[in-house]
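Below is a guided reading of one protein chain, meant for someone meeting it here. Please keep the sequence and the model in view while reading.

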Amino acid sequence: IGVNYFDVCFRNGSYKLSQTPAILGLEACGIIEEVGKDVTDYKVGERVAYATGAIGAYCERRAVKQHCLVSPPQGLTDEQVAGSLLKGMMAHTLLFRVYLAGRVKRILVHGAAGGVGHFLCQWAEHLGIEVIGTVGSDSKVAIAKSFGCNHVINYTSKDFLAELDTITKGEGVGIVYD
């Protein structure tokens with residue numbers, strides 16, 4: 001299973017559950033044990049992953065509609081797939097559907113050392129986009145740089161707007177991901 005900030009918010013009470021008890025989790029990777037009579041795209045024994053809109057991935061077994069499944073790459077472990085699918089899909093959506101990041105030369109990623117930020121920064125760097133990231137502590141600066149940030153601002157110890165203005169020479173950024 002993957003554990004996301006979404007799950008943490010349910011656990012700490014920031015997000016309310018419609019009913020309790022509840023099984024949390026949105027993403028998982030595993031092997032198909034059984035298929036329904038109308039399933040044509042997958043077979044028993046096949047490795048699959050999912051990131052659905054309904055909680056319940058923290059379980060031993062689960063029925064998942066075939067249109068919610070993907071076949072993960074063989075070179076990744078179950079843990080890597082389950083821990084990255086939802087965050088990777090979010091980064092893809094932000095970079096290619098919410099706004100085509102390739103249209104700009106520079107972006108700002110808040111939470112650059114976090115789960116989605118990790119994917120956003122690396123993907124944007126791969127696309128040749130200059131990445132400015134923000135983090136909340138000095139210990140996260142090196143992490144954000146390792147994820148592809150050209151510049152990292154610790155907003156708790158520096159004047160964020162002044163730093164951004166200096167880095168961009170007053171030009172700003174094409175899009176902000178928060």
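How much space lies in the largest pocket? The model is a predicted one, and in it the largest pocket holds about 660 Å³ of space. Its lining is made up of 25 residues. Those that lie nearest the centre of the pocket are Tyr5, Gly114, Gly115, Val116 and Gly117. Rolling a probe the size of a water molecule over the atoms is what shows where empty space is left.

To place these elements, consider the whole chain. Its secondary structure comes to six helices and seven strands. Read from the N terminus, the order of the elements is α-β-β-β-α-α-β-α-β-α-β-α-β. Along the principal axes, the C-alpha atoms fill a box of roughly 60 × 35 × 25 Å. The chain has 178 residues, and 34% of them count as buried. Of the contacts between residues at least 6 apart in sequence, 58% join residues at least 24 apart.

An open sheet is formed by three strands in the order β1-β2-β3, with antiparallel pairing. β1 (27-31) and β3 (69-70) each have a single partner strand and stand at the edges, so one side of each has no neighbour in the sheet. Helix α3, residues 85-98, packs on this sheet and touches β1, β2 and β3. The direction of α3 makes about 60° with that of β2. Strand β2, which covers residues 47-51, pairs with β3 over two bridges in the antiparallel sense. Here Tyr50 stands opposite Leu69 in β3.

Another pairing involves β4 and β5, which run in the parallel sense and are joined over four bridges. Across this pair, Leu108 stands opposite Ile132 in β5. Strand β5 is mostly covered, with five of its six residues buried.

Which residues have the most contacts inside the largest nonpolar core? They are Ile107, Val109, Leu120, Cys121, Val131, Cys149 and Tyr177, in a core of 20 residues. At least two residues of this core come from each of α3, β4 (106-109), α4 (115-126), β5 (130-135) and β7 (175-177). Val131 shows what such a position looks like: leaving aside neighbours within four places in sequence, Val131 is in contact with Ile107, Val109, Cys121, Ala124, Glu125, Gly148, Cys149, Asn150 and His151.

Most residues other than glycine have a negative phi, and most peptide bonds are trans. Thr20 and Pro21, however, are joined by a cis peptide bond, with omega at about 0°. Pro21 is placed in the loop between α1 and β1. Lys169 is not a glycine, yet has a positive phi of about 55°. Lys169 sits in the loop between α6 (160-168) and β7, and is exposed, with a relative accessible area of 72%.

From Asp38 to Ser84 the separation is 46 residues in sequence and 29 Å in space, C-alpha to C-alpha.

Key: Residues are numbered from 1 along each chain as its sequence is written. This is a predicted model: local features need pLDDT of at least 70, side-chain atom pairs count only at pLDDT 80 or more; totals for chains, interfaces and linings use all residues. Side-chain values use heavy atoms; hydrogens and water are left out. Two strands pair if DSSP finds at least two bridges between them. Contact means heavy atoms within 4.5 Å. Axes are lines fitted to C-alpha atoms, for helices over the stretch in contact, and angles run from 0 to 180 degrees between N-to-C directions. A nonpolar core is a set of buried Ala, Val, Leu, Ile, Met, Phe, Trp, Tyr and Cys residues joined through side-chain atoms within 4.5 Å. Buried means under 20% relative accessible area, exposed over 50%, partly exposed in between (1.4 Å probe, protein chains only). On a 1 Å grid over the protein atoms alone, a cavity is a set of points where a 1.4 Å probe fits but cannot get out, and a pocket is an open set with protein on both sides within 12 Å along at least five of seven lines; lining residues have an atom within 4 Å of a point. Grid points are joined across faces, edges and corners, and a volume is the space filled by probe spheres set on the points.
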